[in-house]
Amino acid sequence: MRPPIAPALNRIRIPEALVPALIDGTKTLFSFPVFPQPPTEAKDAGVIHSSNESHGEWSWLDSPNLEEASCIGYPFRCPYGVAGDHLVFTQASDLLLEIVSVRITRLHDISEIEAQQHGVARTRRHWKSYDSASSFYRSARRSMQSLWDTHGIHQLSHAGKWVSNPWIWLIETQKPAKGPAA
């Protein structure tokens, strides 16, 4: 009988502006650009498919009709893990977050609620601006846009600013649990 596979510990770095939200448990969604971005045929079809969800394998498809679609290129995996794995943060190494789900979506498809789950800061009536264009925003999505463009992970991967609407890994986690990080 094979021993069970231990969940992976994946170290990541997030913008310093989000560390307080990470620690207080209001940040439970993480977005990272898919790299490389899909081939043109897949962008036009706008379709991805989890070909083997338990192993985290994904494929780009050339058609929105799954019965007629063909895979483009080779299957690929999320570099940040699969459901059951854990994220640990370079800024708060005593926090372990278990990954609940992983999906691929376009950046602009993030909802208002999902933007809130990304940990953008809220004042009494508004959402924090992370850029110099405004002192506040009326929506969490607009606040997240300012965060993405000012402090975003995109700067490390050259995926592009908000306006380019890149494909992203959308990783949902449980609320933080204190525990030893390896």
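**Group meeting: a walk through one predicted chain**

Let's start in a loop. Asn165 sits in the loop between H5 and E10. Its phi is near 50 degrees, a positive value in a residue other than glycine. Is Asn165 buried or exposed? Asn165 counts as buried, at 15% relative accessibility, because the cut-off for buried is under 20%.

A word of caution now. This is a predicted model. The chain averages a pLDDT of 80. Of the residues, 80% score at least 70. Where is confidence lowest in the chain? It is lowest in helix H5, residues 154-157, with a mean of 53. Helix H3, residues 112-117, has the highest confidence, at 95.

Next, the aromatic rings. The structure holds six aromatic pairs. One of them joins Phe76 and Trp169. Their ring centres are 6.0 Å apart, and their planes make an angle of 70 degrees. That pair is edge-to-face. Now look at where the partners sit. Phe76 is in strand E5, residues 71-77, and Trp169 is in strand E10, residues 167-173. So the pair ties together parts that are 93 residues apart in sequence. Both Phe76 and Trp169 are buried. Which residues form one aromatic cluster? Trp58, Trp60, Phe76, Trp167 and Trp169 do.

Rings can also meet charges. Find Lys27 and Phe30. The charged end of Lys27 sits over the ring of Phe30. The distance to the ring centre is 4.3 Å.

On to salt bridges. How many does the structure hold? It holds three.

Take Arg13 and Glu16. They form a salt bridge, with the closest N and O atoms 3.3 Å apart. Arg13 is partly exposed, at a relative accessible area of 48%.

Next, Glu57 and Arg77. Their side chains meet in a salt bridge at 3.1 Å, N to O. Glu57 lies in strand E4, residues 57-61, and Arg77 lies in strand E5. So this pair ties together parts that are 20 residues apart in sequence. Glu57 counts as partly exposed, at 23% relative accessibility.

Then Arg103 and Glu114. Their side chains meet in a salt bridge at 2.3 Å, N to O. This pair links distant parts of the chain, 11 residues apart. Arg103 is in strand E7, residues 92-106, while Glu114 is in helix H3. Are the two partners buried or partly exposed? Arg103 is partly exposed, with a relative accessible area of 34%. Glu114 is buried, with 14%.

Last stop: helix H4. H4 runs over residues 140-151. It has 12 residues. From first C-alpha to last it reaches 16 Å, close to the 16 Å expected at 1.5 Å a residue. Which residues of H4 are buried? They are Ala140, Ser143, Met144, Ser146, Leu147, Trp148 and Asp149. Here is a rule to keep in mind. An α-helix has 3.6 residues a turn, so residues three or four places apart point the same way. Try the rule on that list.

Let's zoom in on Ser143, which belongs to H4. Ser143 is buried, with a relative accessible area of 0%. What is Ser143 in contact with, leaving aside its neighbours within four places in sequence? The partners are Val120, Trp127, Lys128, Tyr130 and Tyr137.

That's the tour. Thanks, everyone.

Notes: Residues numbered from 1 in each chain as written. Heavy atoms only, no water. pLDDT = per-residue confidence, 0-100. Helix = DSSP H or I, 4+ residues; strand = E, 2+ residues; numbered from the N terminus. Phe/Tyr/Trp six-rings, centres within 6.5 Å; stacked < 30°, edge-to-face > 60°. Buried < 20%, exposed > 50% of the residue type's maximum accessible area, 1.4 Å probe, protein only. Lys NZ or Arg CZ within 6 Å of the ring centre and 35° of its normal. Salt bridge = Lys/Arg side-chain N within 4 Å of Asp/Glu carboxyl O. Contact = heavy atoms within 4.5 Å. Expected span 1.5 Å × (residues − 1).
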